Amino acid sequence: MSGFVDDVLGGSSGLLLGTFTPRLDDKGRLILPAKFRSRLAPGLVMTRGQERCLFLLPMDEFRRMYDQIRQAPVTSKQARDYLRVFLSGASDEIPDKQGRVSIPAPLRAYAGLDRDVAVIGAGTRVEIWDAQAWETYLAEQESAYSDTSEEVFPDLRF
């Protein structure tokens, strides 16, 4: 994947960007957006995300996150709980030649996925949402979006 972002960041950024609205087929498979395929083709880990979405993590990003999580002290109940939820539903996948991945039934149930989905690029990961849940979430967040930039990124200029 290359383009303007890669030109600006100098090289292959590997950033996953954009929103797509594919459909799951009758077997619970998702055709990955063409824009994401090269980044995810070597393999990915699919797991529970926050707000009832799924995360699709390129293998290198999954390893980076796992390395950070496992550094948390085993004595921390919060860290143990997070690791259990994050890993217990995880599934490693390799997209087929058509760019499809199967979404295991327990993960489809967790995210409430039926047919219409929203697939969003979230920088270093892809998120899969039920299409209606994504629209609701986005509508709820849009009103706070402009305020967030001032509070979280006080020096960011647009």
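**A close look at Glu 93**

Author: Start with the neighbours. Leaving out residues up to four places away in sequence, Glu 93 touches Gly 43, Leu 44, Met 46, Val 101, Ser 102 and Pro 104. The model is predicted, so read these contacts as computed from it. Glu 93 itself sits in strand 5, which covers residues 91–93. One of its contacts, Leu 44, belongs to strand 3 (44–48). Met 46 is also on the contact list, and it falls within that strand's range, 44–48.

Now the charge. Glu 93 is buried, yet it has no salt bridge. Which side chain of opposite charge is nearest? It is Arg 108, and it is 9.4 Å away. A salt bridge needs a Lys or Arg side-chain nitrogen within 4 Å of a carboxyl oxygen. Glu 93 does have a polar partner. Its side chain and that of Ser 91 are joined by a polar contact of 2.5 Å.

Next, follow strand 3 onward. A loop runs between strand 3 (44–48) and strand 4 (54–58), and Glu 51 lies in it. Arg 52 is found in that loop too. Glu 51 has a positive phi of about 60°, although it is not a glycine. For Arg 52, also not a glycine, phi is positive and near 65°.

Arg 52 counts as exposed because its relative accessibility is 52%. The cut-off for exposed is over 50%. Glu 93, by contrast, is buried.

Terms used. Residues are numbered from 1 along each chain as its sequence is written. This is a predicted model: local features need pLDDT of at least 70, side-chain atom pairs count only at pLDDT 80 or more; totals for chains, interfaces and linings use all residues. Side-chain values use heavy atoms; hydrogens and water are left out. Helices (H or I, at least four residues) and strands (E, at least two) are DSSP runs, numbered from the N terminus. Buried means under 20% relative accessible area, exposed over 50%, partly exposed in between (1.4 Å probe, protein chains only). Lys and Arg count as positive and Asp and Glu as negative; His and the chain ends are not counted. A polar contact is a pair of N or O atoms within 3.5 Å; within protein, one must be able to donate a hydrogen and the other to accept it, and residues adjacent in sequence count only if both atoms are side-chain atoms. Contact means heavy atoms within 4.5 Å.
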